[in-house]
Amino acid sequence: MPSILIIVEGEGDIEAAPLLCRRLMGELYGAYDWSFVTHRRGSIANLRANNCAHFKRFLQAGYKEGMPILWMLDNDENDCARSLVGDFYAHVNSIGVQQPLAFCLWAREYETMFLYDPEFTATKLGIQELSIQGSPENRRGAKELLSKQMPRGQGYKERVNQPALTAGISLEKLKENYRSFQHFERALVWLTQRTRPELYPLRA
């Protein structure tokens, strides 16, 4: 069975990220034979500290898995994704490209995607009507927004709610409306088609 290593940031990502990958490959491409291994390695800020010392160490650990790598990160500050990934690629090249490698930067955070399917998200979290001001990808704090609108005494829990929402959110709505998901789809499909070490091309 072919495999891909997903390197993620948060606790909820450990279960949610491979579930999202399996759903995309199965539901949109009819490919159910892929398996996904997960490493949790922290945020962009953590990876960039000390001249990307942590990033380089985690990358070398990832190489040892012997499979293509998809690195998922929350772009909390909504910085230029091309510039951020370009900086990481410079360090990758200094070590050497040993596996196919792509990055997926979620605009603001992973949970932003749930705001693109407000009816499902509201139903799943017991919210009467999910109120969202402006474009979801331009606002910070998706988790906090969801927590505030959940019933009294409840709050958003990454390890419980993130996988549960990932399991049922409309992929078609994400594919149509959410640019970060569109990039994620292209990057994941690209990785499934690689047979030699290379970096996912940066786009303008």
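Tutor: Helix H2 and helix H3 make a right-handed crossing. This is a predicted model, where local features need pLDDT of at least 70, side-chain atom pairs count only at pLDDT 80 or more, and totals for chains, interfaces and linings use all residues. Residues are numbered from 1 along each chain as its sequence is written, and side-chain values use heavy atoms, with hydrogens and water left out.

Student: Why is H2 called oblique to H3?

Tutor: H2 (residues 44–63) packs on H3 at about 50 degrees, with the axes 10 Å apart. Axes are lines fitted to C-alpha atoms over the stretch in contact, and angles run from 0 to 180 degrees between N-to-C directions. Under 35 degrees is roughly parallel, over 145 roughly antiparallel, 65 to 115 roughly perpendicular, and the rest oblique. So H2 is oblique to H3.

Student: Which residues of H2 and H3 make the contact?

Tutor: Contact means heavy atoms within 4.5 Å. Among them are Phe55 and Leu59 of H2, and Phe88 and Val92 of H3. By class, the contact has 10 nonpolar, three polar and three charged residues. (Ala, Val, Leu, Ile, Met, Phe, Trp, Tyr, Cys and Pro are nonpolar; Asp, Glu, Lys and Arg are charged; the others, Gly among them, are polar.)

Student: How do you know how H1 and H6 are oriented to each other?

Tutor: The axes of H1 (residues 13–29) and H6 come within 8 Å and cross at roughly 5 degrees. Therefore H1 and H6 are roughly parallel. Leu19 and Leu20 of H1 are among the contact residues, as are Pro163 and Ala167 of H6. The contact divides into five nonpolar, three polar and four charged residues.

Student: Why are H4 and H6 called oblique?

Tutor: H4 (residues 118–125) and H6 (residues 158–168) have axes that come within 10 Å and cross at roughly 135 degrees. H4 and H6 are therefore oblique. H4 passes H6 in a right-handed crossing. Phe120 of H4 and Leu165 of H6 are among the residues in contact.

Student: What makes a space a pocket?

Tutor: On a 1 Å grid over the protein atoms alone, a pocket is an open set of points where a 1.4 Å probe fits, with protein on both sides within 12 Å along at least five of seven lines; lining residues have an atom within 4 Å of a point. The largest pocket holds about 580 Å³, the space filled by probe spheres set on the points. Its lining has 23 residues, with Ala81, Arg82, Leu105, Arg179 and His183 closest to the centre.

Student: Which helix gives the most to that lining?

Tutor: H8, with five residues.

Definitions and conventions
Helix = DSSP H or I, 4+ residues; strand = E, 2+ residues; numbered from the N terminus. Left-handed = near helix turned anticlockwise from the far one by under 90°.
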